[in-house]
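I opened this model to note down a few local features. The entries follow in the order in which I looked things up.

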Amino acid sequence: MSLPPEKASELKQLIHQQLSKMDVHGRIREILAETIREELAPDQQHLSTEDLIKALRRRGIIDDVMKELNFVTDENGINRPVCSYIKPLRAGRLLDTPRQAARFVNVLGYERAPVIGGGGKQEQWCTLLAFLCRNKGDCEDHANLLCSLLLGYGLEAFVCVGTKAKGVPHAWVMTCGTDGTITFWESLTGHRYIHKPTNPDEPPLAEQPKPLYPYRTIGCVFNHQMFLGNCQPSDAVETCIFDLNDESKWKPMSEEAIKSVCAPGATTSLPPFPPLCASTIDASVTSNEIEMQLRLLVSEHRKDLGLTTVWEDQLSYLLSPALASYEFERTTSISAGNEEFQDAIRRAVPDGHTFKGFPIHFVYRNARRAFATCLRSPFCEEIICCRGDQVRLAVRVRVFTYPESACAVWIMFACKYRSVL
């Protein structure tokens with residue numbers, strides 16, 4: 001007799017709660033400790049985490065767990081080693097720098113991966129080809145692509161698998177510099193973070209580096225050649241030491257084993273990945289089309305409110321440098337060109353008038369969808385529905401194209417009007 005899904009879920013929850021009350025994990029550890037202590041030293045009262053890990057490694061338990069962790073299901077339902085999802089990928093002349101590559105990956109759409117198999121927790125990953133054909137994917141798909149591109153630029157890159165806030169599973173990318181610098185790359189946003197580990201043994205009042213990244217724990221790292229499990233006393237990212245050559249901290253899977261399942265010709269290997277395709281989007285034409293559609297939507301919206309609409313083309317044009325500056329900053333983390341934009345706006349807005357502007361960013365080209373999103377912002381709605389004396393409206397759209405027809409769409413709405421005290 002089978003239980004209905006909702007009852008099965010309820011039963012699982014009750015079992016989990018009961019096991020937590022019984023502290024099953026603690027009891028298992030006690031039993032293991034008693035057995036291992038007999039091997040190490042019968043009179044040894046305290047068993048460290050390091051002793052426990054060494055004993056588990058001697059028994060081959062860690063190797064067995066590593067093998068289980070090393071496989072994941074692709075979009076065809078085939079179990080593949082995670083290392084096979086990574087391939088050093090060169091972008092030709094389509095992407096010039098690693099940071100531009102990170103921006104390209106960032107503008108690809110995000111979509112939660114489906115869960116495979118009767119309510120289990122095994123997620124589906126996409127191969128690089130499937131991910132780019134769909135133009136959207138989960139955090140693992142973004143991380144795999146970014147890692148592949150960074151490897152293509154000659155960096156030592158790995159995909160990190162762990163959790164972020166509230167224990168949510170997550171994947172991101174890490175690069176190891178020749179000077180020992182560890183940099184985290186968030187593939188969903190393009191943000192970069194330098195990792196400076198904290199020392200848990202320091203006194204409570206000692207000054208420690210405060211992590212700026214959103215990651216909480218890390219279980220393993222991998223690329224096309226290596227798979228390493230984190231076996232440090234704590235899996236907290238902020239205390240982790242990323243010396244991947246230290247086997248007391250990072251347990252490596254056999255490179256020969258990885259080659260046997262990931263090398264070209266192996267049953268679980270993937271076919272060679274084709275080169276990235278140049279964008280087929282005409283940035284200038286698309287920018288103009290979206291801008292005209294937004295003007296029409298704004299005019300109709302204001303008409304429904306009983307308001308007339310007067311557009312000022314010159315003011316719209318002056319918004320262009322700001323949009324270019326925003327995209328440049330997203331790509332390079334460097335702010336530039338803002339001074340000229342501000343000076344031009346001051347000259348365009350007469351004394352006694354007020355200027356308001358609202359920039360927003362999208363990764364799709366649907367003007368109506370973008371407009372609906374903009375109206376949900378009180379500040380943007382205030383600009384679009386501006387009332388007053390000598391109201392002039394402006395809107396500027398700038399589409400930045402990337403390979404595989406991915407794009408970043410920047411929109412700025414603005415208005416100027418005479419202030420009435």
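Entry 1: I looked up Tyr364 and found it buried, with a relative accessible area of 19%; buried means under 20%, exposed over 50% and partly exposed in between, with a 1.4 Å probe and protein chains only. This is a predicted model, in which local features need pLDDT of at least 70 and side-chain atom pairs count only at pLDDT 80 or more, while totals for chains, interfaces and linings use all residues. Residues are numbered from 1 along each chain as its sequence is written, and side-chain values use heavy atoms, with hydrogens and water left out.

Tyr364 forms an aromatic pair with Phe362. Rings of Phe, Tyr and Trp (its six-membered ring) pair if their centres lie within 6.5 Å; planes under 30 degrees apart count as stacked, over 60 as edge-to-face and the rest as tilted. I noted 5.1 Å centre to centre and 45° between the planes for Phe362 and Tyr364, a tilted pair. Phe362 counts as buried at 6% relative accessibility.

**Entry 2: other rings.** How many aromatic pairs does the structure hold? I have 14 on record. Tyr85 and Trp125 are one of them, edge-to-face at 5.4 Å centre to centre with 75° between the planes. This pair links distant parts of the chain, 40 residues apart: Tyr85 is in the loop between β2 (79–81) and α5, Trp125 in the loop between β5 (122–123) and α6. Helices (H or I, at least four residues) and strands (E, at least two) are DSSP runs, numbered from the N terminus. Both Tyr85 and Trp125 are buried. I also found a cluster linked by ring pairs, made of Trp172, Phe184, Tyr193, Tyr213, Tyr215, Phe242 and Trp250.

**Entry 3: Cys147.** I went to Cys147 in helix α7 (residues 139–152). Cys147 is buried, with a relative accessible area of 0%. Its contacts, where contact means heavy atoms within 4.5 Å, are with Ile86, Ala157, Phe158, Val159, Val173 and Asn223, not counting residues up to four places away in sequence.

**Entry 4: Glu255.** Is Glu255 buried, exposed or partly exposed? I have Glu255 as partly exposed, at 44% relative accessibility. Glu255 lies in helix α8 (residues 255–262) and touches Gln225 and Met226, leaving aside residues up to four places away in sequence. From Glu255 to Gln225, 30 residues apart along the chain, the C-alpha separation is 6.6 Å.

**Entry 5: helix α5 against helix α11.** The axes of α5 (residues 98–107) and α11 (residues 320–332) come within 8 Å and cross at roughly 110°. That makes α5 roughly perpendicular to α11. Axes are lines fitted to C-alpha atoms, for helices over the stretch in contact, and angles run from 0 to 180 degrees between N-to-C directions. Angles under 35 degrees count as roughly parallel, over 145 as roughly antiparallel, 65 to 115 as roughly perpendicular and the rest as oblique.

I listed the residues that make the contact: Arg99, Gln100 and Arg103 from α5, and Glu327, Arg330, Thr331 and Thr332 from α11. By class, the contact has no nonpolar, three polar and four charged residues. Ala, Val, Leu, Ile, Met, Phe, Trp, Tyr, Cys and Pro count as nonpolar, Asp, Glu, Lys and Arg as charged, and the others, Gly among them, as polar.

**Entry 6: helix α12.** Which residues of α12 (residues 338–348) are buried? I found Phe341, Ile345 and Ala348. They are on the same side of α12, because they cover an arc of only 65° around the axis; the arc is that of the directions from the helix axis to the C-beta atoms. The buried residues pack against α10 (313–318), α11, β14 (353–362) and β16 (407–418). On the face turned away from the buried side I noted the exposed residues Glu339, Glu340, Arg346 and Arg347.

**Entry 7: positive phi.** Asn135, not a glycine, has a positive phi near 65°. Asn135 lies in the loop between α6 (128–134) and β6 (136–137) and is partly exposed, at 26% relative accessibility. Glu404 also has a positive phi, of about 60°, and is not a glycine. I placed Glu404 in the loop between β15 (389–401) and β16, where Glu404 is buried at 18% relative accessible area.
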